[in-house]
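Hi,

Here is the structure I promised to pass on. Have a look at it first, and then read on for what turned up in the charged pairs and the nonpolar packing.

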Amino acid sequence: MKRRVLALILVPFLLFYAVPAGAVEKEERKWQDETMYFLMVDRFNNGDTTNDKEVDTKDPKAYQGGDFQGIIDRLDYIKDMGFTSIWLTPVFDNQPKGYHGYWITDFYKPDEHFGSMETFKKLVEEAHKRDMKVVLDFVVNHVSPEHPWVNDPAKKDWFHEKQPMNFSNKESLQNAWLYDLPDLNTENPEVREYLFDAAKWWIKQTDVDGYRLDTVRHVPQDFWSEFSKEVKSVKDDFYLLGEVFDRDPQKIAEYNDVGIDGFVNVPQAEEMRSVFKKPDTSMDRLFNFWKYNETYYENPYVMGTFIDNHDMERFTRLLVKENVFPGTRWKLALAYMYTTPGIPIVYYGSEIAIDGGEDPDNRRLMNFRADKELIDYITTLGKVRQDYPALTRGSVEPLYEKDGMGIYKRTYKDQTVVVAINNSSKTQTVELSSEDLAENQELKGLITSDLVRSDDNGTYKVALDREEAEIYLLKAKSGLNIPYLSALGAVYVLFLLFIYLVWKRGRKNRKR
């Protein structure tokens, strides 16, 4: 009885601490809430040496030993950084030296260098146990020159005739042989049916959660419309991320209506690389990409945002050329990417600012023995992004931009998050008005312990050191909260009264 009474008295006290400031009710998880880690299977981690066939770590174009088991062994490493999903390069059987996965010889067989089908299923299962999704790279445009179909007379009409690529001609763009790889005739019903069946088979067999679609612009739109319907009929909320490697958003937007959910945002990536590779670069044009994305893309919130990938020079290489410290510049770029609309995609090794030039130098074997400073920063960004829905679902409004200092806010329901990035070589102080934010509030730093309170005029003075970023939560001013203190005092009075009554009853019982 005494314990029940005590528990009832303590409940109000505990409830005062139960709801964090700026909290928004937890909603169903959507793809726009994801944060993705992109890794090249062969270059990530060697977990099973029994499949180390033709491995030569001195040859950047040979297999390096990474495999499914190696990924399983490092799933906690990925999850601990705040990633909620992983994207893998193609896992299908490839011709010799097809370490990257894009020279497919068998759509129904995993590459022997990576492990068995059972191990891949275990990888997906282990990821799901950690509440992580798995996106698999799928290629329909071409196959390996050594695929059995290429020399099969019965499959002659499965391919377009070999011709050089003319990137300014749409027919050539879709029918020519990219990098001399046999181009599949996806207009052929038999080819379509085969590819549809293979794509659905992998979903049914392994329970993967999405496909990253390679070389989308080299395949006719009508194929993608059918492909999307087919694969999405197998699993609910199956995500399709397309690759249209073009700097023009309008070129990407040509594929808006084919059922592909989002696309890797190449134009924005190029601009991020340009802005953040050196200090004192204006972010004005980068801010304009929000409008571009809203104008051109069906749903900009599920576009894939990235800073580098397996087809580009590593961002770190650009920084080395500029003679700047990579860690600092990476932090600014990542802070921007994590706090703007889209699904952040981090290419393996970026968390340790790995260096690398053009392919294959941008695909070096992962090194897990590195400085943890950038890893810790990514971990913080990941947590903040997951904790505050305004960063994954909120509207975007620029508040200030000048000489490399930029501030914007994200608003979702009653939650407002303010992001400040000082991409300059000097300390910057910016005054924001109550019209920009709200009266009698404060900005609580989510990366550091910074606190900015509005003054008597309703002005917020945001100060940032050179090449620093901060994410703020707009909240009611902290300080003396009279109603809170009064209620808390009442709880303590009741508690003391209860102790007194128990003590008094105990004395009476002893006298008897």
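Is K133 buried or exposed? K133 is buried, with a relative accessible area of 15% (buried means under 20% relative accessible area, exposed over 50%, partly exposed in between, with a 1.4 Å probe and protein chains only).

Before the rest, some housekeeping. This is a predicted model, in which local features need pLDDT of at least 70 and side-chain atom pairs count only at pLDDT 80 or more, while totals for chains, interfaces and linings use all residues. Residues are numbered from 1 along each chain as its sequence is written, and side-chain values use heavy atoms, leaving out hydrogens and water.

Now the charged pairs. The whole structure holds 42 salt bridges (a side-chain nitrogen of Lys or Arg within 4 Å of a carboxyl oxygen of Asp or Glu). K133 makes one of them with E34, with 3.5 Å between the closest N and O atoms. K133 sits in strand 5 (residues 133-138) and E34 in the loop between helix 1 (2-15) and strand 1 (36-39), so this pair ties together parts that are 99 residues apart in sequence. (Helices, H or I of at least four residues, and strands, E of at least two, are DSSP runs numbered from the N terminus.) E34 is buried as well, at 0% relative accessible area.

E243 and R212 also form a salt bridge, again with closest N and O atoms 3.5 Å apart. Here the loop between strand 7 (239-242) and helix 9 (249-253) supplies E243 and strand 6 (residues 210-213) supplies R212, so parts 31 residues apart in sequence are tied together. E243 is buried at 6% relative accessibility, and R212 is buried at 2%.

For K372 and D376, the N to O distance is 2.7 Å. K372 is partly exposed at 47%, and D376 is partly exposed at 37%. There is also a salt-bridge network linking D76, E125, E126, K129 and R130.

On to the nonpolar side. The largest nonpolar core has 126 residues, of which Y37, Y211, W224, F227 and F276 touch the most other members (a core is a set of buried Ala, Val, Leu, Ile, Met, Phe, Trp, Tyr and Cys residues joined through side-chain atoms within 4.5 Å). Helix 13 (residues 326-338) gives this core its largest share, 8 residues. Another core, of 15 residues, lies apart from it and includes M405, Y460, L464 and Y472.

Enjoy exploring!
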